[in-house]
Amino acid sequence: MTECVLGVDLGTSSVKVTAVSRTGEIIAQEGMDFPLQQPQPGYAEQDPEDWVSATTVSIVRLILKDKLTPDQIVGISYSGQMHGLVLLDSNNEVLRPAMLWNDTRSTQQRQEIMAKMGSRFIEITHNKPLEGFTLPKLLWVKENQPQIFQQAKTMLLPKDYLRFRMTGQLAIDYSDATGTVMFDVDKQQWSKEILDAFDIPEKICPPLVRSIDETGNINEWYAEYSGLSTHTKTFGGGADNACGAVGAGIDGPTKVLSSIGTSGVILKYEPQKETNYDGVIQYEDHAIPNAYYSMGVTLAAGFSLSWFKKTFAENEDFTAVVDSAAKSTVGANGLLFAPYIVGERAPYADADIRGSFIGIDGIHQRHDFVRAVLEGIIFSFRDILDLYEAKGNQFETVISIGGGAKSPLWQQIQANIFNVKVVSLQNEQGPGLGAAMLAAVGLGWYHDISECAKTFIQFKDVFLPEPDNVEKYRQLHQIYRKIYPSTKEITHELVDFRRDNQR
């Protein structure tokens, strides 16, 4: 019997469950989509029960379709979409739909936080209280749905709710706890100062665990529901970006993760908790014990591309649409795209900025627009790297995962815009593999994450910068950087107009 662990990757639109052997072999994988509700502009919600159902269906398929026996599955760990708010009552029942990371309705609450605490808040959390984070959402519920807030006894993040349903145990790992911005990074505990400042009871915050810590066995109810064994152990898991970094081998400060999912992330390993980027770049506990990471987020990276394809090439093959960008030129024949279609996080913390195509000419064809979207997403990543380099950081390698690693053209664009080597992974499984690695270490299969990575992670393709194109992209990026200040006022007015006329 081949023992395996499951890495459960709970994303924004789907869950993927990956079965991995002790030697790092992917032996089976199943997944399922679930819906996103957007009842108003700026709202993004999901029913937590959809997460449980989709995960369970995926596990049942592993057992019935892929012929894994319950006794083979000895450990499970989790990667989850960050910052989402799940509220439970005294019976641990869900009180309202989960508010997700890309829900931006809490601008007023963000402003209230800064007005009350200012730089002290950033000093404690190492982050600004952006709309996407958990605390502004919690305050929105407190102010707009007070009857629900009064019933709330526990706050969980998405993957932690899923784990709770599987085990009956309430917990949150440190990497997701920092993303709530209710956590004191230097003291490594919930911040009583922040909780007291906003009249939030400390007991609403669940117990803290490390990502490799055991968090209970599968309980009898879920064993009957899913077919799993009650002997299967679960582990804390981590935020999706932390798990993505684990699964990509980001184990030192000269490597950078470039991850393109619905959102996009540039992530850097940080060895010291005292590092503080004043909230311009997010700072989080890592899924690796006693380590940290910082990251800049582009809110609509892969989403910009999927939006474009759905809108202008709905019935065409996705890969073919992306590959068509090769018909264009460096700089898309003078066309630039700013991917701010749902607002932006880094380097511009602006929920009301909106995207744009700049330089449209009668000569442009659809493949130019596709190329502009690909390049615009990476220019937004370049903005984040500029912030790091301004602090004296230097990088040798970018490890590309997600959608950006599926296209050789897009990886070469990254190498040229970043002007460093870009590599992809042999078995690119992203956060799901990272979650499986946490379970493998938690079970004692490996001494630590670094030892596990030597077995689980293999690199694949290498893309080197092309000097001529590096220079062209350097010039284009200088133009791209002018888009935000030039369009900010106009797009804010358009957002206000739409809000006023939807009332």
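I took contact to mean heavy atoms within 4.5 Å. With that criterion I looked up Trp190 and left aside its neighbours within four places in sequence. Trp190 is then in contact with Met155, Ile172, Ala177, Thr180, Met182, Phe183, Asp184, Leu195, Cys205, Pro206 and Leu208.

**Basis of the entries**

I noted that this is a predicted model, in which local features need pLDDT of at least 70, side-chain atom pairs count only at pLDDT 80 or more, and totals for chains, interfaces and linings use all residues. Residues are numbered from 1 along each chain as its sequence is written, and side-chain values use heavy atoms, with hydrogens and water left out.

**Overall form**

I looked up the secondary structure and found 18 helices and 24 strands; helices (H or I, at least four residues) and strands (E, at least two) are DSSP runs numbered from the N terminus. The radius of gyration is 22 Å, close to the 23 Å from the globule rule for 503 residues, so the protein is as compact as a globular protein of that length. This radius is taken over C-alpha atoms, and the rule is 2.2 Å times the number of residues to the power 0.38. Along the principal axes, the C-alpha atoms fill a box of roughly 65 × 50 × 45 Å.

I then looked up burial, where buried means under 20% relative accessible area, exposed over 50%, and partly exposed in between (1.4 Å probe, protein chains only). Of the 503 residues, 59% count as buried. Among contacts with a separation of 6 or more, 72% join residues 24 or more positions apart.

**Nonpolar cores**

I treated a nonpolar core as a set of buried Ala, Val, Leu, Ile, Met, Phe, Trp, Tyr and Cys residues joined through side-chain atoms within 4.5 Å. The largest has 86 residues, and Leu87, Leu135, Trp190, Ile200, Ile378 and Phe418 have the most contacts inside it. Helix α13 (residues 366-390) supplies the largest share of this core, 12 residues. Apart from it lies another core, of 77 residues, among them Cys4, Ala44, Ala239 and Val265. I recalled that in soluble globular proteins nonpolar side chains tend to be buried together.

I looked up helix α4 (residues 134-144) and found eight of its 11 residues buried, so the helix is largely enclosed by the rest of the structure. Its buried residues are Thr134, Leu135, Pro136, Lys137, Leu138, Leu139, Trp140 and Val141.

Helix α10 (residues 240-248) is mostly covered, with eight of its nine residues buried. I listed these as Asn241, Ala242, Cys243, Gly244, Ala245, Val246, Gly247 and Ala248. Gly249 follows α10 and has a positive phi, near 75°.

**Backbone exceptions**

I kept in mind that most residues other than glycine have a negative phi, and that most peptide bonds are trans. Asn92 has a positive phi near 60° and sits in the loop between β6 (86-88) and β7. Asn92 is partly exposed, at a relative accessible area of 26%. His126 also has a positive phi, of about 65°, and lies in the loop between α3 (119-125) and α4. His126 counts as buried, at 1% relative accessibility.

I found a cis peptide bond between Ala346 and Pro347, with omega about 0°. Pro347 is in the loop between β20 (336-338) and β21 (356-358).

**Single residues and their surroundings**

Phe121 is in helix α3 and is buried, with a relative accessible area of 0%. Not counting residues up to four places away in sequence, I found that Phe121 touches Ile113, His126, Asn127, Lys128, Pro129, Leu135, Val181 and Ile194. Phe121 and Pro158, 37 residues apart in sequence, are 24 Å apart C-alpha to C-alpha.

Thr178 is in helix α7 (residues 174-178) and is buried, with a relative accessible area of 0%. With residues up to four places away in sequence not counted, Thr178 touches Asn127, Phe183, Val185, Tyr283, Glu284 and Asp285. The C-alpha atoms of Thr178 and Asp285 are 6.3 Å apart, although 107 residues separate the two in sequence.

Last, I looked up Asn102, in the loop between β7 (98-99) and α2 (107-117). Leaving aside neighbours within four places in sequence, Asn102 is in contact with Thr12, Gly42 and Ala44. The C-alpha atoms of Asn102 and Tyr43, 59 residues apart along the chain, are separated by 7.8 Å.
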